[in-house]
Every structure is written in C-alpha cells, then in structure tokens.
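Hi,

Here is the model I said I would pass on.

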Amino acid sequence: MRVPRTSPGSVQLLGRHLEHEAPGEAVVALPPEPGLPFLFEETLPNAQYTHLDYAVFRSDRDLLAGVPGSVEPIFALDWESVRPGSWAVIFLPKEKELAEWVMAGLSARLTPGAQVRVVGENRAGIRSVKPLIEAAVGPVHGNRSGRHAVLWEAVRAEVTRPLRDLRRAFEFEVGGETLRAVSYPGVFSHGEFDPGTRILLEALGRPSFERALDWGCGAGVIGAYLLRLRPQAFVDLVDSHALALRSARETLEANGLPSDRVYATDGFSDVRGTFDLIVANPPFHAGTKTQTSVTERMIRDSVRYLLPGGRLVLVANAFLGYPAVLRECYRSFRVLAETTRFRVFEGRND
C-alpha cells in the first residue's frame, strides 16, 4: 500500500500497519483528512467512517456518492448509527476528554475481543495515552512508532465501563442577560464562558438586526444571546464540528429558544441566504498548530453574505494579523474594543 508522504504521520503509520493485518468489519473514527475510504479500500473494505469534522465528512461523502457497495460516512458520532464490528481504528484527538469519550463510546459498539488501534501524532500526546486506552477500551498488547506518530494495539475488554457523562452545563451573564449553556468535549471553551466571547458581546451591545449569523458557533453562546435579545429575528448558528452543533442545539433548548437553524458548514459552504449581522469568535488553531487561514478566508467570504450596510463583528487575540485582511475587504473598518489580550473588530458592507 502506498500512502502519500504528504499525509499525516498517523495515516502513514496506519498504512504500514495494515499491510500485515486482515481486519474484519471495521470502523474508522475521526479520520484526519479526506480520501481514506479510497486509500484503504483494499485493506479496510466496506469500513464505516465516522466524523467530527464536517469538511472531511463532506469530502468523503461526495467521493463515495454513487460508488457501488460503499458505506455512507457518518457525521455527528451518533453511536447508535455505528454498526457493531470486530475491528476499529481511532485517530486520537488532542483533547483528553474527547479522546476518552470517543474511545469509550466506540468500544461499546464493538464485540468483546475486537481489535482496536489508536493512532496519533506525537505532538498530540499519543505517547502518554496508554492508561486512557486501557481504561476506556481494554488491555494494550503492543505499539508501533514512526513518522512522528504512535499506533497502540488494544483489545476490547469483555466488559466495558459505562460512558462517563462529560457533558457540562453552566450559566453566564452578559449585557444584563442571564443564559445557560451546554458543551461537550472537544468544543471550544468547554464548560466555561470564554473571556473573548464576553468582550465581543459587551462591545456588540444590543444590536438591531433581522437576520444574523453566529459563524463558528461552538456551544452556541453568541447565537443564544442574539436570540434572547431579538426572539422574533432569524439567527443561524453554524460550525464544522459535530459536537459543537450538538452543544449549540442543547444550549438553545436550555433557554427555551428555537434550535431549528443550527447546521453544519465548511466555511460558508452550506450557509443559506444573506445577513445584516455576522458575529464570530473564530478559531486560530488547527489541531496543535496555530493557523489563521480559516479565519482569513471567512473574512474575505463574509462580504458576499452581508446585505448592504450589514456588519461583520469578530473578536480575536490581539497578536493575530487580521486588521490587514479586514481593511482589504471592508472600506469601513474599526476597532470596537481592545484589551491587552483581545481586540473586537467591525467591518461594514458600505
């Protein structure tokens, strides 16, 4: 099997390992890049792929559309949708609680004695994950390393532990409004009100709008605040992370707000319509790396989704170089608030 050298080290290491294995019914959780159903079609035929990342899911869904005998990928990690199997691969996420949640949830769908492979990059903490694998899955009987990655070999225990409840609920107060929020592992600012979001909403105040977009909604804090202010308005909440979308829906429901406008998108790929307000606390990490390209693309694309006079309001760490991109895209640009750590920017579509 020839795995491209441009693939992550974890994918390359798994490819070498699979040359010596003969898996049965397989489940592959959290593939880090699209195309693995084709890359591993000989060694993992008819494997079921389950995703948290909508961009990877969307690419694989489109690649597999119309391919005879292919298994439709899953987005959202609904464990009941995962068919029972005798073999599994888990690409380790960097967040420890999310890793535990994925391993324990998937193990519950495997047959006792099933082979489980947990693979990940050194910089994501894969070398220290053995105790977590043994607690969530079962005994570890070996490991392989290479390409700055490690692959752990484990066996699903005869009896698995119940899945720990890692969902967190909390209250927050901003702008005279008290709301409740819900989050799951792997979601930005899990279990707490992010200080950058607080500064953003305080700078935003009580805006007037008819249709707003909470881009990269995370647990749905911004969208819930906007809907509380203007319950008659339309507010879309979008994200590329399956558990963020689950969190956002539960946040809205916890506040008695409608949750029918929460949906997945890769950037603006699935965003519907135009808005007079787009609000964002965008990410600047991709895995373990600092990466600003996603937000820079969002700023450039946002102009096409704003009505005349519409506003983009976003918060970012002060050291990030977004002002240059905002000035390039918006003739009307200003800083709404600034601290030593954060800046809140506004671009107006004049």
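Leucine 226 touches Leu204, Pro207, Phe209, Ala212, Val235, Leu277 and Val279, leaving out residues up to four places away in sequence; contact here means heavy atoms within 4.5 Å. Along with Met103, Leu226 touches the most other members of the largest nonpolar core, which has 96 residues. There is also a second, separate core of 23 residues, and Trp215, Phe268, Ala280 and Phe345 are among them. (A nonpolar core is a set of buried Ala, Val, Leu, Ile, Met, Phe, Trp, Tyr and Cys residues joined through side-chain atoms within 4.5 Å; buried is under 20% relative accessible area, exposed over 50%, partly exposed in between, with a 1.4 Å probe and protein chains only.)

A caveat before the rest: this is a predicted model, so local features need pLDDT of at least 70 and side-chain atom pairs count only at pLDDT 80 or more, while totals for chains, interfaces and linings use all residues. Numbering runs from 1 along each chain as its sequence is written, and side-chain values use heavy atoms, without hydrogens and water.

Next, helix 10 (residues 322-329); helices are DSSP runs of H or I, at least four residues, strands are E runs of at least two, and both are numbered from the N terminus. Tyr322, Pro323, Val325 and Leu326 are buried there. They sit on the same side of helix 10, because they cover an arc of only 160 degrees around the axis, taken from the directions from the helix axis to the C-beta atoms. Ala324, Arg327 and Glu328 are exposed on the other side. The buried residues pack against helix 9 (293-302) and strands 16 (306-317), 17 (332-338) and 18 (342-348).

Cheers
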